Amino acid sequence: MCPGPVPVPRQGQGQGQGEMNGNHVTSPAKADTSSSTSSSTPSTPTTSNTNTKLPVDVKDQISKINEAQSRTSNLTNLHTLGGIDGIATLLQTNIDTGITNATIDVPHRRTVFGCNSLPSSPRQSWFELFIDCIKDDETVQILIVAAVVSLLVGMYDDPTTGYVEGCAILAAVLIVSVVTATNDYQKETQFRELSDVSDDGIENIVIRDGVAVKINCKDIVIGDIIKLEAGDAIPCDGILCYCDSLEVDESALTGEPLDIEKNVNLNDGNCDPFMLSGCTCTAGTATLIAIAVGKDSQWGIIKAHLEKEQDQTPLQEKLDVMANNIGNVG
């Protein structure tokens with residue numbers, strides 16, 4: 001677990017600040033949405049302050065507005081749930097001050113709905129890699145059979161020194177398999193360490209209890225209010241609360257080569273308030289409410305499918321057959 005939330009200065013667009021009177025703050029922090037005439041805001045901010053625990057069936061309702069490649073259907077379901085204000089009420093959060101009583105509520109949300117990290121596939125042990133070196137390499141299998149035959153014939157012909165040739169072949173096979181398995185194991189270990197370092201270094205600004213704090217992206221939970229600006233990676237799936245000239249690069253997720261313009265005007269037929277994890281903000285600023293994290297996000301679902309072992313294509317199967325035939329002839 002990464003270090004706890006770190007308070008950050010709250011100034012300018014997307015961070016909110018209280019009205020100052022001398023050295024006294026006279027009003028709670030709110031997101032500043034008046035700094036640009038092109039800012040898009042919902043009609044009525046949500047002011048829900050409930051401290052009750054979030055019900056488990058919320059995930060099923062939220063999933064209706066987070067279906068892959070279904071913007072029209074998602075928009076229809078978003079209207080059905082009451083728009084952005086309805087989502088905030090459903091998730092028991094406030095689009096200006098974030099989750100209330102976060103010290104108690106955040107751990108509950110993380111326990112029920114999961115944390116914002118993707119489960120890694122189980123790694124193979126060194127012994128499993130060693131067995132695979134023998135099982136998947138027909139040349140090694142042929143050498144082992146040849147070594148056993150040579151050992152038996154040699155011992156029959158010359159019990160004194162007949163075992164030397166067979167043992168030499170077995171020793172060569174053993175050395176090759178051990179070196180290969182060790183290299184594969186070390187590479188897998190280094191790759192996982194680099195992945196963990198990369199993920200742990202990403203931080204985002206969220207609003208909790210009316211205070212802007214900087215936390216690790218893995219600590220984000222459903223209902224968090226997240227601030228983003230140009231260059232930030234989107235850490236989870238979310239719905240826009242506010243935005244200003246926002247454009248998003250979704251090529252990593254959808255393959256769309258052009259940046260997508262986002263807005264929160266639900267009366268606009270071309271409205272696209274949906275933010276997808278794994279994408280990047282290329283322009284503007286945004287405030288979004290997290291609706292899906294970790295393995296439940298669009299990126300998490302895609303990655304889970306990618307980690308499953310893929311079946312060979314017909315061309316790959318034919319190439320394997322050809323390679324085996326060439327090996328047999330040789």
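Trainee: What makes the place of R192 part of a helix, and which helix is meant?

Mentor: R192 lies in helix α7, which covers residues 164-200, and that run is well beyond the requirement, because a helix here is a DSSP run of H or I with at least four residues, a strand is a run of E with at least two, and both are numbered from the N terminus. Please keep in mind that this is a predicted model, in which local features need pLDDT of at least 70 and side-chain atom pairs count only at pLDDT 80 or more, while totals for chains, interfaces and linings use all residues. Residues are numbered from 1 along each chain as its sequence is written, and side-chain values use heavy atoms, with hydrogens and water left out.

Trainee: How do you know whether R192 is buried or exposed?

Mentor: The relative accessible area of R192 is 19%, and since buried means under 20%, exposed over 50% and partly exposed in between (1.4 Å probe, protein chains only), R192 counts as buried. Leaving aside residues up to four places away in sequence, R192 touches S120, S121, P122 and R123, where a contact means heavy atoms within 4.5 Å.

Trainee: Why are R192 and E188 said to form a salt bridge?

Mentor: Their side chains meet with N and O 2.7 Å apart, and a salt bridge requires a side-chain nitrogen of Lys or Arg within 4 Å of a carboxyl oxygen of Asp or Glu, so the pair qualifies. The two residues are 4 residues apart in helix α7, which separates them by about one helical turn. An α-helix has 3.6 residues a turn, so residues three or four places apart point the same way. E188, at 27% relative accessible area, is partly exposed.

Trainee: What makes K135 and D132 a salt bridge as well, and where do they lie?

Mentor: The closest N and O atoms of K135 and D132 are 3.6 Å apart, which is within the limit. Both residues lie in helix α5, 3 residues apart, about one turn of the helix. K135 has a relative accessible area of 53%, so K135 is exposed, whereas D132, at 19%, counts as buried.

Trainee: Which parts of the chain does the salt bridge of K262 and E250 tie together?

Mentor: The closest N and O atoms of K262 and E250 are 2.7 Å apart. K262 lies in the loop between β9 (260-261) and β10, and E250 in the loop between β8 (237-249) and α8 (251-254), so the pair ties together parts that are 12 residues apart in sequence. K262 and E250 are both buried.

Trainee: What puts the buried residues of α2 on one side?

Mentor: In α2 (residues 71-80), N74, L75 and L78 are buried. They cover an arc of only 100 degrees around the axis, which puts them on the same side of α2. T72 and T80, on the other side, are exposed, and the buried residues pack against α3 (83-90) and β10 (274-275).

Trainee: Why is A290 called buried?

Mentor: A290, in strand β11 (residues 280-292), has a relative accessible area of 0%, which is under the limit, so A290 is buried. Not counting residues up to four places away in sequence, A290 touches several residues, including L91, I220, C236 and G238.

Methods. Arc of directions from axis to C-beta.
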